[in-house]
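Here is a short briefing on one protein model. Take a look at the sequence and the 3D view first, then work through the points below.

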Amino acid sequence: MGKKIGLWDLVFMDVAALFGIRWIAKSTAESFGLGLGAIPIWILATFIFFVPFALICAELASTYPKDGGLFQWVKEAYGEKYGFMVAWLNWTCRIFWYTGFLTFLIINISYAINEPALADDKLFVMGLSLVIFWVLSVLSTKGMTFGKIFTRVGALGSTIPAILLVVMAFAAVLFGSYPVASTYTAETLMPKLNMDSLSAISSVLFALAGAEVTANFVTEMENPKRDFPRAIFIAAAIVSGLYVLGSIAITMIVPPAEITASQGILVGLAAVSSYLGFGTWFIQLVAFGIALSIIGAIILYIASPIKMLFGSVQPGIFPASLTKVNEKNIPERAVYFQACIVTVLVLALSLIPSVDAIYNILVTMTALTTLFPYAMLFAAYIRLRTDRPDEVRPFEMAHSNETAKTIARVVLGVVLLGVVLSLAPVMKTVEENIVYEIEMIGGAAVVIVSGLLLWRRFVQKTGFTE
């Protein structure tokens, strides 16, 4: 039976993983810390982080065409222990990401059915979130040759609204008399250097992360050595272009001070569509498209970290029931185990008011671990280029080992800078900032130590040696 993921399937999967239309509003909102300063930051981040990151992933995926992605690449450089650790960090940080993403999904579904008030109904949000997450979890166990249906539709659901935003905003301003909501000068485009903006810059950098996700499915691709690099190039051009043009477009029609992270895109489109004479049906259609894009991203992110951790690591680290893969090479019971954890979180957040504070602490505690896997990835790339200079690489970021390593060192530096920026104190008081920093650094330490203890227990139990 031939492989079923082709070039354009992979492009749509990459766009679904890499492009989140919500980031256009979130990055340009003054409350997030950047405002108009988001526009040059997107451009800068594209060239110093996104493009080289994508090229490195393309080279690694074509050189080591096996399922596992980050796990496989770090393992090649540093061995099984650090391969396990990068998979562990990648999975633990995703657990707390789902609930926020599901809430954003329900907001768009509420707009799609022309009942935006439902987004404030906790029981509605809880019930629909759980139904959707469990359905998507079941679907993800069918493999990405099946899941590509949802990522293809999802990619269109995010890119088409973004393209409409750009086209309609420029049309209303350039060919109509719509008043431009922002003034673009060197001064207004310069990001404000305060703690909020420093933290926001870090978030923008890692909004562009995700090029490694589809590498977990290379064995389902028709020709990974050829198609993975080509798909990355096409997706990178689409994603970076939409982020930059989308940020310009939304600030043309809505002042940054009035943009909100959760509903900014819909509010912006509503304003310009009303000016152009479109009815409420248009916003409903756009919200439906955005909801589809979130569904496509969720199904990809359900399967990828799970497959990397439970489906790739050494037998014996986790119970055999969690690591056993089905006929699609997906650890099915691990997917359901994850769904149970997310269910508990969603129920707790919806039914126990005081749990919000606890949840925010948990999110803060895992924030740094989101960034560490990328630092390990670039360090692994540098080591592989150093230790294996003559290895056959079907695609190369640069033919010269020294040039390739220099580029990787720059990107590694950007990641480490992102780690430092994410530690910027953003709370209102000194006492709150002290607690915040303790939670963030302490949380990262807890996650890392727990992973190391799991590995140590495995080694003691099995006598494993590399």
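S158 is in contact with F19, I21, G289 and S293, leaving aside its neighbours within four places in sequence; contact means heavy atoms within 4.5 Å. This is a predicted model, where local features need pLDDT of at least 70, side-chain atom pairs count only at pLDDT 80 or more, and totals for chains, interfaces and linings use all residues. Residues are numbered from 1 along each chain as its sequence is written, and side-chain values use heavy atoms, with hydrogens and water left out.

**S158**
- S158 sits in helix 8. Helices are DSSP runs of H or I with at least four residues, numbered from the N terminus.
- S158 has a relative accessible area of 2%, so S158 is buried. Buried means under 20% relative accessible area, exposed means over 50%, and partly exposed is in between (1.4 Å probe, protein chains only).

**Helix 7**
- Helix 7 covers residues 122-140 and has 19 residues.
- From first C-alpha to last, helix 7 reaches 26 Å, close to the expected 27 Å. The expected span is 1.5 Å times one less than the number of residues.
- At the start of helix 7, a side-chain oxygen of D121 comes within 3.1 Å of the backbone nitrogen of L123.
- The buried residues of helix 7 include V125, M126, I132 and F133.

**Nonpolar core**
- The largest nonpolar core has 163 residues. Such a core is a set of buried Ala, Val, Leu, Ile, Met, Phe, Trp, Tyr and Cys residues joined through side-chain atoms within 4.5 Å.
- Helix 13 (residues 280-310) gives the largest share of this core, 18 residues.
- F49, F84, L105 and F378 have the most contacts inside the core.
- Leaving aside neighbours within four places in sequence, L105 is in contact with I132, A291, I294, I295 and I298.

**Aromatic pairs**
- Rings of Phe, Tyr and Trp (its six-membered ring) pair if their centres lie within 6.5 Å; planes under 30 degrees apart are stacked, over 60 edge-to-face, and the rest tilted.
- The count by this rule is 22 aromatic pairs.
- Y178 and Y275 form an edge-to-face pair, 5.2 Å centre to centre with 85 degrees between the planes.
- Y178 lies in the loop between helix 8 and helix 9, and Y275 in helix 12, so this pair ties together parts 97 residues apart in sequence.
- Y178 counts as buried at 14% relative accessibility, whereas Y275 counts as partly exposed at 34%.
- Ring pairs also link F84, W88, W91, F310, F318, W455, F458 and F464 into a cluster.

Note on methods
Helix = DSSP H or I, 4+ residues; strand = E, 2+ residues; numbered from the N terminus. Polar contact = N/O pair within 3.5 Å; in protein donor to acceptor, adjacent residues only side chain to side chain.
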